[in-house]
Amino acid sequence: TTQETITPEPKIVEADWSEYFEGLNGTAVIYDASDMQYAIFNSELASKRTSPCSTFKIISSLVALENGVIDPEQSTRTWSGEVFWNENWNHDIDFREAFRQSCVWYFREVIDEIGPDMIQQELDNLQYGNCDISDWEGVLNTNNSNRALTGFWIESSLAISPKEQTEVMERIFGTESAYSEKTRDELKKVMSVTEQNETDIYIYGKTGMGKAEGVVVDAWFTGFAEKAEEKVYFCVYLGRTDNKNVSSTLAKEIAIQLVSEYCDNF
């Protein structure tokens, strides 16, 4: 009889990273694949599913690049002329700029071109949270009724936990990835955190932010970091915190600091 290889369960270590959060309602997860170990601060929040918001652009980009919906060299889309609240979206825009500027209308078009069948299949393969794209149009998003600026991934049907975000990052960028090197390299280019201090640690990620009743309820920065041959996958998430200024920029700052210090110990 052939013996099935049983993959051991990853270890989970509780980390005290409270000094990074200073009273914010937040969580951080770092998954070190080589050690098969999670370090988690605030495990209750780390396992709570919520809207991925613009961190989902990693997924829509991945699927579009892998399936030829986007060719980065010929990826300019024409602006409709509608004036959006973000100045940086009010012109023709190509993939790389759209990703860095987190341009919602661009990715709404891309997702519509990919279509529900392929999106569903890819989310199932990636085990992406609840995999629920039932609110394709984003009508559940009470914060925005403009179809060009909403969808199932923004305060709507799709939900994922911070811990699951790190698992998805590993499925995309890890050794067992089902995606082509070309696709992953292109994603790394746009996810690269440019304000890298002269260190040997390279950080890649994407912010995401969602509101309800005008208040920020979800703020994300998720991705991975490389140092020499080592790779760790991370997610920092901030939930609604009254009397605190919660933003994805803040989540990103916390993540860069925390992940850099974590990787320094390699």
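Which residues of helix 3 are buried? In this predicted model, the buried residues of the helix are Lys 57, Ile 58, Ile 59, Ser 60, Ser 61, Leu 62, Val 63, Ala 64 and Leu 65. Helix 3 spans residues 57-66, and because 9 of its 10 residues are buried, the helix is largely enclosed by the rest of the structure. Just after helix 3, a positive phi of about 75 degrees is found at Gly 68.

The pairing of strand 4 with strand 5 was examined next. Strand 4 comprises residues 201-212 and strand 5 comprises residues 215-227; the two run antiparallel and are joined by 12 bridges. Within this pairing, Tyr 204 has Phe 224 of strand 5 as its bridge partner. The two strands form a hairpin, with 2 residues between them. In the turn of this hairpin, Glu 213 adopts a positive phi of about 50 degrees.

The cysteines were considered last. A disulfide is a covalent bond between the sulfur atoms of two cysteines. With a cut-off of 2.5 Å between cysteine sulfur atoms, the count of disulfides is 0. Cys 235 takes part in no disulfide, the nearest cysteine sulfur being that of Cys 53, at 11 Å. Cys 263 is likewise in no disulfide; for this residue, the nearest cysteine sulfur belongs to Cys 235 and lies 15 Å away. Cys 235 has a relative accessibility of 0% and therefore counts as buried. Cys 263 also counts as buried, because its relative accessibility is 0%.

Key:
Residues numbered from 1 in each chain as written. Predicted model: local features only at pLDDT ≥ 70, side-chain atom pairs only at ≥ 80, totals over all residues. Heavy atoms only, no water. Buried < 20%, exposed > 50% of the residue type's maximum accessible area, 1.4 Å probe, protein only. Helix = DSSP H or I, 4+ residues; strand = E, 2+ residues; numbered from the N terminus. Pairing = 2+ DSSP bridges.
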